[in-house]
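User: I'd like to learn how to read a structure like this one, feature by feature. Could you walk me through it?

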Amino acid sequence: MAGIGSPEDDPFDFLFKIILIGDSNVGKTCVVQRFQSGAFSDKHQNTIGVDFSVRSLNIDGKKVKVQVWDTAGQERFRTITQSYYRSAHGAIIAYDLTRRQTFESVPHWIHEVESLPFLFSLPPVPCLLFCNKSDLAENRQILFEEACTLAEKFGLLAVLETSAKESRNIDEVFLLMAKELIARNTLHFHKDGPRNSFVLDSRPIVTANEPEKNCLCG
Ligand SMILES: Nc1nc2c(ncn2[C@@H]2O[C@H](COP(=O)(O)OP(=O)(O)OP(=O)(O)O)[C@@H](O)[C@H]2O)c(=O)[nH]1
(Lines give C-alpha, C1' and ligand atoms only; values in the text may rest on other atoms or scores of the structure.)
Protein backbone atom coordinates (compact mmCIF):
# COMPACT_ATOMS: atom_id res chain seq x y z
CA MET A 1 0.00 0.00 0.00
CA ALA A 2 1.46 3.37 -0.97
CA GLY A 3 1.47 6.43 1.20
CA ILE A 4 -0.30 9.56 0.14
CA GLY A 5 2.13 12.47 -0.03
CA SER A 6 1.08 16.06 0.40
CA PRO A 7 0.87 18.20 -2.75
CA GLU A 8 3.98 20.11 -1.61
CA ASP A 9 6.04 16.90 -1.36
CA ASP A 10 4.95 15.51 -4.65
CA PRO A 11 3.41 18.00 -7.07
CA PHE A 12 0.83 16.83 -9.61
CA ASP A 13 -1.51 18.24 -12.20
CA PHE A 14 -4.47 16.03 -11.36
CA LEU A 15 -5.42 13.89 -8.41
CA PHE A 16 -8.25 11.43 -8.96
CA LYS A 17 -9.86 9.27 -6.33
CA ILE A 18 -11.36 6.14 -7.79
CA ILE A 19 -13.33 3.51 -5.94
CA LEU A 20 -12.99 -0.11 -6.92
CA ILE A 21 -16.09 -2.18 -6.17
CA GLY A 22 -17.51 -5.61 -6.97
CA ASP A 23 -18.24 -8.95 -5.32
CA SER A 24 -15.74 -10.61 -3.04
CA ASN A 25 -12.93 -12.66 -4.63
CA VAL A 26 -13.25 -11.23 -8.13
CA GLY A 27 -9.64 -10.05 -7.86
CA LYS A 28 -9.95 -6.36 -7.05
CA THR A 29 -7.00 -6.33 -4.67
CA CYS A 30 -4.82 -8.31 -7.07
CA VAL A 31 -5.62 -5.88 -9.89
CA VAL A 32 -4.72 -2.89 -7.72
CA GLN A 33 -1.51 -4.54 -6.56
CA ARG A 34 -0.55 -5.32 -10.14
CA PHE A 35 -1.28 -1.71 -11.12
CA GLN A 36 0.53 -0.21 -8.16
CA SER A 37 3.59 -2.45 -7.77
CA GLY A 38 3.56 -4.82 -10.74
CA ALA A 39 3.31 -7.82 -8.41
CA PHE A 40 0.83 -10.69 -8.22
CA SER A 41 0.40 -13.05 -5.30
CA ASP A 42 -1.78 -16.15 -5.12
CA LYS A 43 -1.96 -15.69 -1.37
CA HIS A 44 -5.51 -14.61 -0.74
CA GLN A 45 -6.68 -12.34 2.03
CA ASN A 46 -10.07 -10.67 1.86
CA THR A 47 -10.01 -6.89 2.15
CA ILE A 48 -11.27 -5.55 5.45
CA GLY A 49 -13.05 -2.27 4.86
CA VAL A 50 -11.01 -0.21 2.38
CA ASP A 51 -7.36 -0.13 1.27
CA PHE A 52 -5.66 2.78 -0.46
CA SER A 53 -3.08 2.72 -3.23
CA VAL A 54 -1.56 5.54 -5.22
CA ARG A 55 0.30 5.57 -8.50
CA SER A 56 1.42 8.51 -10.57
CA LEU A 57 0.90 8.39 -14.30
CA ASN A 58 2.23 10.63 -17.02
CA ILE A 59 -0.56 11.38 -19.46
CA ASP A 60 0.35 13.73 -22.27
CA GLY A 61 2.94 15.47 -20.13
CA LYS A 62 0.58 15.88 -17.19
CA LYS A 63 1.35 14.26 -13.87
CA VAL A 64 -1.78 12.42 -12.81
CA LYS A 65 -2.04 10.87 -9.37
CA VAL A 66 -4.47 7.99 -9.32
CA GLN A 67 -5.61 7.12 -5.84
CA VAL A 68 -7.45 3.80 -5.82
CA TRP A 69 -9.73 2.88 -2.96
CA ASP A 70 -10.00 -0.89 -3.00
CA THR A 71 -13.20 -1.81 -1.16
CA ALA A 72 -14.13 -5.09 0.48
CA GLY A 73 -16.64 -7.07 -1.55
CA GLN A 74 -18.04 -8.88 1.44
CA GLU A 75 -21.52 -7.79 2.44
CA ARG A 76 -20.60 -7.29 6.09
CA PHE A 77 -18.34 -4.34 5.19
CA ARG A 78 -20.92 -2.58 3.01
CA THR A 79 -21.70 0.24 5.44
CA ILE A 80 -18.01 1.09 5.82
CA THR A 81 -17.24 0.94 2.12
CA GLN A 82 -20.25 3.03 1.12
CA SER A 83 -19.02 5.85 3.30
CA TYR A 84 -16.00 6.22 0.99
CA TYR A 85 -18.01 6.61 -2.20
CA ARG A 86 -18.89 10.22 -1.63
CA SER A 87 -15.33 11.50 -2.01
CA ALA A 88 -14.55 9.59 -5.19
CA HIS A 89 -14.38 11.02 -8.71
CA GLY A 90 -15.10 7.78 -10.52
CA ALA A 91 -16.02 4.15 -9.98
CA ILE A 92 -14.55 0.95 -11.39
CA ILE A 93 -16.65 -2.20 -11.09
CA ALA A 94 -15.15 -5.68 -11.30
CA TYR A 95 -16.50 -9.17 -11.84
CA ASP A 96 -14.95 -12.60 -12.32
CA LEU A 97 -15.58 -14.09 -15.75
CA THR A 98 -15.54 -17.60 -14.28
CA ARG A 99 -18.43 -16.88 -11.87
CA ARG A 100 -21.75 -15.77 -13.34
CA GLN A 101 -23.04 -14.67 -9.96
CA THR A 102 -20.43 -11.90 -9.84
CA PHE A 103 -21.59 -10.64 -13.26
CA GLU A 104 -25.22 -10.70 -12.17
CA SER A 105 -24.26 -8.46 -9.24
CA VAL A 106 -22.97 -5.72 -11.57
CA PRO A 107 -26.35 -3.88 -11.87
CA HIS A 108 -26.50 -3.84 -8.10
CA TRP A 109 -23.07 -2.19 -7.92
CA ILE A 110 -24.05 0.33 -10.61
CA HIS A 111 -27.15 1.14 -8.61
CA GLU A 112 -25.03 1.71 -5.51
CA VAL A 113 -22.88 4.16 -7.42
CA GLU A 114 -25.89 5.97 -8.83
CA SER A 115 -27.78 6.18 -5.57
CA LEU A 116 -25.02 7.59 -3.38
CA PRO A 117 -23.85 11.21 -3.42
CA PHE A 118 -20.52 11.75 -5.16
CA LEU A 119 -19.38 15.11 -3.91
CA PHE A 120 -16.49 15.50 -6.35
CA SER A 121 -18.15 14.40 -9.54
CA LEU A 122 -21.11 15.59 -11.50
CA PRO A 123 -23.67 12.92 -12.32
CA PRO A 124 -23.55 10.58 -14.04
CA VAL A 125 -20.44 9.44 -12.20
CA PRO A 126 -18.03 7.86 -14.69
CA CYS A 127 -18.20 4.13 -14.27
CA LEU A 128 -16.01 1.51 -15.96
CA LEU A 129 -16.40 -2.29 -15.93
CA PHE A 130 -13.72 -4.96 -16.06
CA CYS A 131 -14.00 -8.73 -16.10
CA ASN A 132 -11.03 -10.23 -14.36
CA LYS A 133 -9.31 -13.64 -14.61
CA SER A 134 -9.12 -13.75 -18.39
CA ASP A 135 -6.29 -16.28 -17.96
CA LEU A 136 -9.06 -18.73 -16.95
CA ALA A 137 -11.00 -18.21 -20.19
CA GLU A 138 -11.60 -21.98 -20.51
CA ASN A 139 -13.86 -21.66 -17.45
CA ARG A 140 -15.64 -18.62 -18.80
CA GLN A 141 -19.29 -18.26 -17.75
CA ILE A 142 -19.95 -14.85 -19.30
CA LEU A 143 -19.43 -13.94 -22.92
CA PHE A 144 -17.66 -10.66 -23.55
CA GLU A 145 -20.64 -9.64 -25.70
CA GLU A 146 -22.94 -9.94 -22.68
CA ALA A 147 -20.76 -7.51 -20.79
CA CYS A 148 -20.83 -5.11 -23.75
CA THR A 149 -24.62 -5.22 -23.82
CA LEU A 150 -24.79 -4.49 -20.13
CA ALA A 151 -22.28 -1.63 -20.46
CA GLU A 152 -24.33 -0.02 -23.21
CA LYS A 153 -27.55 -0.46 -21.28
CA PHE A 154 -26.15 1.32 -18.24
CA GLY A 155 -24.04 3.89 -20.09
CA LEU A 156 -20.70 2.68 -18.75
CA LEU A 157 -17.49 4.10 -20.19
CA ALA A 158 -15.85 0.84 -21.12
CA VAL A 159 -15.53 -2.89 -20.62
CA LEU A 160 -12.13 -4.55 -20.44
CA GLU A 161 -11.11 -8.14 -19.87
CA THR A 162 -8.19 -8.26 -17.47
CA SER A 163 -5.90 -10.74 -15.82
CA ALA A 164 -4.07 -9.67 -12.71
CA LYS A 165 -2.25 -13.00 -12.84
CA GLU A 166 -0.90 -12.50 -16.36
CA SER A 167 -0.84 -8.71 -16.20
CA ARG A 168 -3.29 -8.15 -19.04
CA ASN A 169 -5.07 -4.83 -19.53
CA ILE A 170 -4.37 -3.67 -15.98
CA ASP A 171 -2.88 -0.25 -16.71
CA GLU A 172 -5.49 0.25 -19.43
CA VAL A 173 -8.32 0.15 -16.88
CA PHE A 174 -6.89 3.01 -14.86
CA LEU A 175 -5.64 4.94 -17.88
CA LEU A 176 -9.10 4.94 -19.44
CA MET A 177 -10.66 6.22 -16.26
CA ALA A 178 -7.96 8.85 -15.71
CA LYS A 179 -8.33 10.13 -19.27
CA GLU A 180 -12.08 10.37 -18.91
CA LEU A 181 -11.67 12.33 -15.68
CA ILE A 182 -9.12 14.64 -17.26
CA ALA A 183 -11.54 15.28 -20.10
CA ARG A 184 -14.28 16.11 -17.65
CA ASN A 185 -11.96 18.48 -15.86
CA THR A 186 -10.40 20.25 -18.81
CA LEU A 187 -12.82 19.71 -21.70
CA HIS A 188 -9.92 20.12 -24.14
CA PHE A 189 -7.75 17.08 -23.42
CA HIS A 190 -6.98 15.18 -26.58
CA LYS A 191 -4.79 12.23 -27.51
CA ASP A 192 -4.32 10.20 -30.67
CA GLY A 193 -3.04 6.65 -30.92
CA PRO A 194 -4.24 3.23 -31.98
CA ARG A 195 -4.65 1.77 -28.48
CA ASN A 196 -6.37 4.84 -27.20
CA SER A 197 -10.12 4.37 -27.33
CA PHE A 198 -10.76 7.37 -25.15
CA VAL A 199 -13.44 9.74 -26.35
CA LEU A 200 -14.31 13.24 -25.27
CA ASP A 201 -18.06 12.81 -25.19
CA SER A 202 -18.02 9.86 -22.78
CA ARG A 203 -19.55 7.37 -25.17
CA PRO A 204 -19.25 3.78 -23.98
CA ILE A 205 -16.00 2.14 -25.01
CA VAL A 206 -15.66 -1.60 -25.25
CA THR A 207 -12.29 -3.27 -25.32
CA ALA A 208 -11.01 -6.78 -24.76
CA ASN A 209 -7.55 -8.23 -24.63
CA GLU A 210 -8.09 -9.92 -27.99
CA PRO A 211 -7.54 -7.17 -30.61
CA GLU A 212 -10.35 -8.46 -32.85
CA LYS A 213 -12.84 -7.94 -30.02
CA ASN A 214 -12.01 -4.28 -29.51
CA CYS A 215 -14.78 -1.99 -30.51
CA LEU A 216 -16.05 1.48 -29.89
CA CYS A 217 -19.74 2.02 -29.25
CA GLY A 218 -21.94 5.01 -29.01
N1 LIG B 1 -6.44 -17.00 -12.10
C2 LIG B 1 -6.53 -15.77 -11.57
N3 LIG B 1 -6.75 -15.62 -10.26
C4 LIG B 1 -6.86 -14.36 -9.77
C5 LIG B 1 -6.72 -13.22 -10.60
N6 LIG B 1 -6.89 -12.13 -9.84
C7 LIG B 1 -7.10 -12.57 -8.59
N8 LIG B 1 -7.07 -13.91 -8.54
C9 LIG B 1 -7.30 -14.73 -7.35
O10 LIG B 1 -8.63 -14.51 -6.89
C11 LIG B 1 -8.68 -14.55 -5.48
C12 LIG B 1 -9.33 -13.29 -4.94
O13 LIG B 1 -8.50 -12.18 -5.22
P14 LIG B 1 -8.65 -10.78 -4.42
O15 LIG B 1 -7.86 -9.77 -5.16
O16 LIG B 1 -8.32 -10.95 -3.00
O17 LIG B 1 -10.23 -10.52 -4.53
P18 LIG B 1 -11.06 -9.25 -4.03
O19 LIG B 1 -12.07 -8.95 -5.09
O20 LIG B 1 -10.16 -8.13 -3.64
O21 LIG B 1 -11.81 -9.84 -2.75
P22 LIG B 1 -12.39 -9.01 -1.48
O23 LIG B 1 -11.23 -8.35 -0.82
O24 LIG B 1 -13.06 -10.03 -0.62
O25 LIG B 1 -13.39 -8.02 -2.02
C26 LIG B 1 -7.24 -14.77 -5.01
O27 LIG B 1 -7.06 -16.15 -4.72
C28 LIG B 1 -6.39 -14.35 -6.19
O29 LIG B 1 -5.15 -15.04 -6.24
C30 LIG B 1 -6.48 -13.42 -12.00
O31 LIG B 1 -6.37 -12.50 -12.81
N32 LIG B 1 -6.40 -14.73 -12.44
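Analyst: Happy to. Let's begin with burial: a residue is buried if 20 or more other C-beta atoms lie within 10 Å of its own, exposed if 12 or fewer, and partly exposed in between, with C-beta atoms placed from the backbone. Asn25 has 17 C-beta neighbours inside 10 Å, so it counts as partly exposed. This is a predicted model, where local features need pLDDT of at least 70 and side-chain atom pairs count only at pLDDT 80 or more, while totals for chains, interfaces and linings use all residues. Residues are numbered from 1 along each chain as its sequence is written.

User: Where is Asn25 found, and what is its phi?

Analyst: Most residues other than glycine have a negative phi. Asn25, although not a glycine, has a positive phi of about 70°, and it is found in the loop between β1 and α1. Asp60 also has a positive phi, of about 50°, and is not a glycine. Asp60 is found in the loop between β2 (50–59) and β3, and it counts as exposed because it has 11 C-beta neighbours inside 10 Å. As for the names, helices (H or I, at least four residues) and strands (E, at least two) are DSSP runs, numbered from the N terminus.

User: How do I read a helix such as α4, and which of its residues are buried?

Analyst: An α-helix has 3.6 residues a turn, so residues three or four places apart point the same way. In α4 (residues 106–115), the buried residues are Val106, Trp109, Ile110 and Val113. They fall within an arc of 100° seen down the axis of α4, so they line one face of the helix; the arc is that of the directions from the helix axis to the C-beta atoms. His108, His111 and Ser115 are exposed on the other side of α4. The buried residues pack against β1 (14–22), β4 (90–96), α3 (100–104), β5 (127–132) and α5 (144–154).

User: And strands: which ones pair with β1?

Analyst: Two strands pair if DSSP finds at least two bridges between them. β1 pairs with β3 (residues 62–71) in the parallel sense over seven bridges, and Lys17 stands opposite Gln67 in β3. β1 and β4 also run parallel, joined by five bridges; there, Ile21 has Ile93 of β4 as its bridge partner. Seven of the nine residues of β1 are buried, so β1 is largely enclosed by the rest of the structure.

User: How many residues surround the ligand?

Analyst: A residue is near a molecule if its C-beta atom, placed from the backbone, lies within 6 Å of it. Here 21 residues surround the ligand, and the closest are Ser24, Gly27, Thr29, Thr47 and Gly73. Helix α1 (residues 28–37) gives the largest share of this shell, three residues.

User: Where is confidence lowest, and where is it highest?

Analyst: Look at pLDDT, the predictor's confidence in each residue, from 0 to 100. The protein averages 83, and 78% of the residues score at least 70. Confidence is lowest in strand β8 (residues 215–216), at a mean of 39, and highest in α3, at 98. Over residues 188–204 the pLDDT is below 50. For the complex, the predictor gives an ipTM of 0.99 and a pTM of 0.86.

Conventions:
Contact = placed C-beta atoms within 7 Å.
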